[in-house]
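Dear colleague,

I am passing on the structure we spoke about, and my notes follow below it. Please read them with the model open beside you.

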Amino acid sequence: MRTRPWDLDAAGWPEGETELRAYGNGHYLGRFMLTPGSGPAASLQARLVAVTLADQTGSALDTAGSVGQG
């Protein structure tokens, strides 16, 4: 797992998939796997939208409570 910063604009997408984790209230709830396509990297604005959606997903899952237990 990569833990150092990656300059996407200068180096492009890293090889393979990139994991974008979703957390809710400090708990890991799932992940989105980003697979690079051909062509230039997504704009900074598009990448920020992806991170925001993952954050909102984690919050929604956290407030939804347990699923499948009942």
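**Overall picture and two residues**

Of the contacts in the protein that link residues at least 6 apart in sequence, 39% are between residues at least 24 apart. Please bear in mind throughout that this is a predicted model.

The secondary structure consists of two helices and two strands, and these elements follow one another from the N terminus in the order α-β-β-α. The protein has 70 residues, of which 13% are buried, and its accessible surface amounts to about 5,600 Å², with 54% of that area belonging to carbon and sulfur atoms.

Arg47 counts as buried because its relative accessibility is 18%, and the cut-off for buried is under 20%. When its neighbours within four places in sequence are set aside, the contacts of Arg47 are with Leu8, Asp9 and Ala42.

The other is Asn25, found in the loop that lies between strand E1 (18-24) and strand E2 (27-34). Is Asn25 buried or exposed? Asn25 is exposed, because its relative accessible area is 63% and exposed means over 50%. For context, most residues other than glycine have a negative phi.

Technical notes
Residues are numbered from 1 along each chain as its sequence is written. This is a predicted model: local features need pLDDT of at least 70, side-chain atom pairs count only at pLDDT 80 or more; totals for chains, interfaces and linings use all residues. Side-chain values use heavy atoms; hydrogens and water are left out. Buried means under 20% relative accessible area, exposed over 50%, partly exposed in between (1.4 Å probe, protein chains only). Contact means heavy atoms within 4.5 Å. Helices (H or I, at least four residues) and strands (E, at least two) are DSSP runs, numbered from the N terminus. Accessible areas come from the Shrake-Rupley method with a 1.4 Å probe; for residues, only the protein chains shown count as cover.
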